[in-house]
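Please open the model in a viewer and keep the selection tool at hand.

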Amino acid sequence: MRFLLIEDNADLARSVRERLEMDGHAVDHAASLSEAEDHLAVAPYDLILLDITLPDGDGRGFLQRQRARKADTPVIVLTARSAVSDRVDTLDLGADDYLTKPFDFAELEARCRAVLRRRGGTVTNLQSYADLVFDPMGGFVSVAGENRDLRNRELRLLEVLLSAPGRILSKDQLCDRLFSLSEPVSDNAIEVYIARLRKKLEGSTARIETVRGLGYRLTGG
């Protein structure tokens with residue numbers, strides 16, 4: 001998953017980013033609303049984590065503009081404001097959840113999973129394709145009932161491929177989902193992760209096909 005974190009506290013932003021990246025997510029950080037708009041102009045996001053008090057404006061105004069332009073990316077508000085009226089007003093503006101600072105990172109991760117599940121329209125994490133059973137939130141995959149050990153970014157790559165089986169995904173599209181804008185990405189990074197994932201899925205009826213000059217697609221379901 002690719003997250004956008006909008007937070008002007010550098011220490012908190014670094015801690016949140018490091019924690020989410022440990023789970024295999026790509027996280028872009030914006031310290032202001034203008035930086036956030038720049039990020040949104042060039043990259044798609046699965047989830048936005050939004051502070052309220054920012055150097056160039058109120059995060060609630062940003063949220064309101066997002067919803068007015070029909071942008072439905074889920075938003076979790078992170079703020080020190082704990083009054084019930086603040087929570088109600090923010091949720092009414094279109095926030096998907098509201099977490100009061102200081103918060104526990106485990107709770108933040110759980111709320112991210114819950115919001116993503118709700119937006120996905122499912123009550124379970126499990127996805128099935130061919131003889132694969134995949135739990136993206138729990139970090140679990142099995143091939144014909146046999147558990148396979150995948151690293152975080154391999155899990156996220158499989159998640160992206162499973163989100164569009166049979167569809168060709170270019171290297172650029174995969175990079176956008178797996179890496180943040182600030183991460184150095186080598187020309188063959190996607191090839192390396194594709195090769196690793198193929199090896200981990202050996203024996204499965206699901207296959208990652210290379211479509212020369214275009215990208216990759218998951219087939220076999």
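Predicted model: local features only at pLDDT ≥ 70, side-chain atom pairs only at ≥ 80, totals over all residues.

How many salt bridges are counted between domain 1 and domain 2? The count is two.

**First stop: the two domains**

Select residues 2-120 and colour them as domain 1, then select residues 127-220 and colour them as domain 2. The C-alpha centres of these two domains are 27 Å apart.

**Second stop: the boundary between the domains**

Display the residues at which the domains meet: 16 residues of domain 1 are in contact with 11 residues of domain 2. Together the two domains bury about 1,200 Å² between them, and 50% of that area is on carbon and sulfur atoms. Select Arg2, Gly24 and Ala26 next; these residues supply 35% of the area that domain 1 buries against domain 2, more than any other three residues.

A salt bridge links Asp176 with Arg2, with 3.8 Å between the closest N and O atoms. On the side of domain 1 that touches domain 2, the elements giving two or more residues are helix H1 (10-22), strand S2 (26-30), helix H2 (33-42) and helix H5 (105-120).

Within helix H5, select Glu109. Is Glu109 buried or exposed? Glu109 counts as buried because its relative accessibility is 11%, under the 20% cut-off. Show the side chain of Arg19 as well: a polar contact of 2.9 Å joins it to the side chain of Glu109. Apart from neighbours within four places in sequence, Glu109 is in contact with Arg19, Leu20 and Asp23.

Now select Leu157, Leu158, Leu197 and Ile208. Of the 26 residues in the largest nonpolar core, these four touch the most other members. Two or more residues of this core come from each of strand S9 (132-135), strand S10 (140-143), helix H6 (152-162), helix H7 (171-178), helix H8 (189-200) and strand S13 (215-219). Which element gives the largest share of this core? Helix H6 does, with six residues.

Finally, centre the view on Leu157. Not counting residues up to four places away in sequence, Leu157 touches Leu174, Leu178, Tyr193, Ile194 and Leu197.

Conventions:
Residues numbered from 1 in each chain as written. Heavy atoms only, no water. Core = buried A, V, L, I, M, F, W, Y, C linked by side-chain atoms within 4.5 Å. Buried < 20%, exposed > 50% of the residue type's maximum accessible area, 1.4 Å probe, protein only. Helix = DSSP H or I, 4+ residues; strand = E, 2+ residues; numbered from the N terminus. Contact = heavy atoms within 4.5 Å. Domains from an automatic or database assignment. Buried area = accessible area lost by both parts, 1.4 Å probe. Salt bridge = Lys/Arg side-chain N within 4 Å of Asp/Glu carboxyl O. Polar contact = N/O pair within 3.5 Å; in protein donor to acceptor, adjacent residues only side chain to side chain.
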